[in-house]
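Me: I'd like to go through this structure with you step by step. Could you start with a term I will need?

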Amino acid sequence: MGVTLKEVAERAGVSRSAVSRTFTDGASVSDKMRRKVEKAAADLGYHPNALASSLTTGRTKLIGLVSNNFHNPLFLEIFDLFTRGLQDKGLRPLLVNLSDETDPQNSVRMLRQYSVDGVVVASSTLPPSFAQAFRDAGVPVVHSFGRSSAATQVHVVGIDNVECGRMAARTLVERGYGSVGFLGGPVTATSTQDRLTGFLEQMESYPDVAHSHSYAEAYSFEAGRAEMQRLLDSGARADAYFCGDDVLSIGALSAVADAGLKVPEEIGIIGLNDMEMAAWENIDLTTIRQPIKEIVSASIEMMSAMLDDPSRYPEARIFPCSVVERGTLRRV
């Protein structure tokens, strides 16, 4: 049996409530009392029981971290940043895989079983209805990497995917490619839809440059490779492509290498995200940088603020992106 709160109180010569307050964040306790209790706890080897504390305070400090992109190596970076950042705030992340989930209400029921204090939906492909379902259930929620709108009803942190599509189109045309293509992720993903919208809008400014678009089945290496192979086999490939994210781009580069084409002279590729792998010497991917660290940090800050004030009005924080020059596009 572990050391109990009662034993610490007896050792320190104080009440059990004094011990409880000492180990409760924000509770009022004098410095003298805190020193007595902490010394008694150290002498006895006492450690606060988080689960027992949650029964007293009504707060578990559990934050559901939900996503559906577990096959994408970018999310290893994202989950690492989220878990460390939440823990630094004294919160406990509960990682939940929604890859096969289509009903937002099932997700709400699952997270409520664990009595989470809040939820971060960390996905650009889950529809906004998932974050909205948590809000409607009274659970503080932040949609990280989500789609923003003028009438947003949940807290959103992310980028302007439409502008990223415009940026990619401008970048490809500036490099002198005579025909350009959009190779997106799943057609149902809002990020795919918005990036294509921006790409097509910008291409209207270049009537002399041919353009096309197609979709991969997922944001994955295999899907990017398969779609690029299909395009190459069709005989109607473009001279350069904006791929919906870096993982798709790396898959596309693999197919291009198998076809014996030179990058960037014969075919160019630009991705999106600037994940760690993009900078590896054997990949050297030109890409549009999404400020992932800043987005994660802002999401955690927003969640922490919501726990203190659940009535906060929904806010959207949109971060700018920029082109990172590497070796898969011609220079201007």
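Reply: A nonpolar core is a set of buried Ala, Val, Leu, Ile, Met, Phe, Trp, Tyr and Cys residues joined through side-chain atoms within 4.5 Å. Please keep in mind that this is a predicted model.

Me: OK, which residues in the largest nonpolar core touch the most other members?

Reply: That core has 69 residues, and those touching the most other members are Ile78, Phe82, Met228, Tyr241, Phe242 and Ile288. Helix α12, which covers residues 292–308, gives the most to this core, with 9 residues.

Me: And what is Phe82 in contact with, leaving aside its neighbours within four places in sequence?

Reply: Phe82 is in contact with Leu65, Val120, Ala122, Ser144, Phe145, Val296, Ser299 and Ile300. There is also a second, separate core of 19 residues, which includes Val96, Val121, Leu126 and Ala131.

Me: Switching to rings, how many aromatic pairs are there?

Reply: The count comes to 6 aromatic pairs. In one of them, Phe70 and Phe79 are tilted, with 5.0 Å centre to centre and 45° between the planes. Ring pairs also link Phe70, Phe75, Phe79 and Phe145 into a cluster.

Me: Is Phe79 buried or exposed?

Reply: Phe79 counts as buried because its relative accessible area is 9%, which is under the 20% cut-off, whereas Phe70, at 32%, counts as partly exposed.

Me: New topic: where does Thr192 lie?

Reply: Thr192 lies in helix α9, residues 190–203, and counts as buried at 1% relative accessibility. Its side chain makes a polar contact with the side chain of Tyr219 at 2.7 Å. Beyond four places in sequence, the residues that Thr192 touches include Phe182, Pro186 and Tyr215.

Notes. Residues are numbered from 1 along each chain as its sequence is written. This is a predicted model: local features need pLDDT of at least 70, side-chain atom pairs count only at pLDDT 80 or more; totals for chains, interfaces and linings use all residues. Side-chain values use heavy atoms; hydrogens and water are left out. Helices (H or I, at least four residues) and strands (E, at least two) are DSSP runs, numbered from the N terminus. Buried means under 20% relative accessible area, exposed over 50%, partly exposed in between (1.4 Å probe, protein chains only). A polar contact is a pair of N or O atoms within 3.5 Å; within protein, one must be able to donate a hydrogen and the other to accept it, and residues adjacent in sequence count only if both atoms are side-chain atoms. Contact means heavy atoms within 4.5 Å. Rings of Phe, Tyr and Trp (its six-membered ring) pair if their centres lie within 6.5 Å; planes under 30 degrees apart count as stacked, over 60 as edge-to-face and the rest as tilted.
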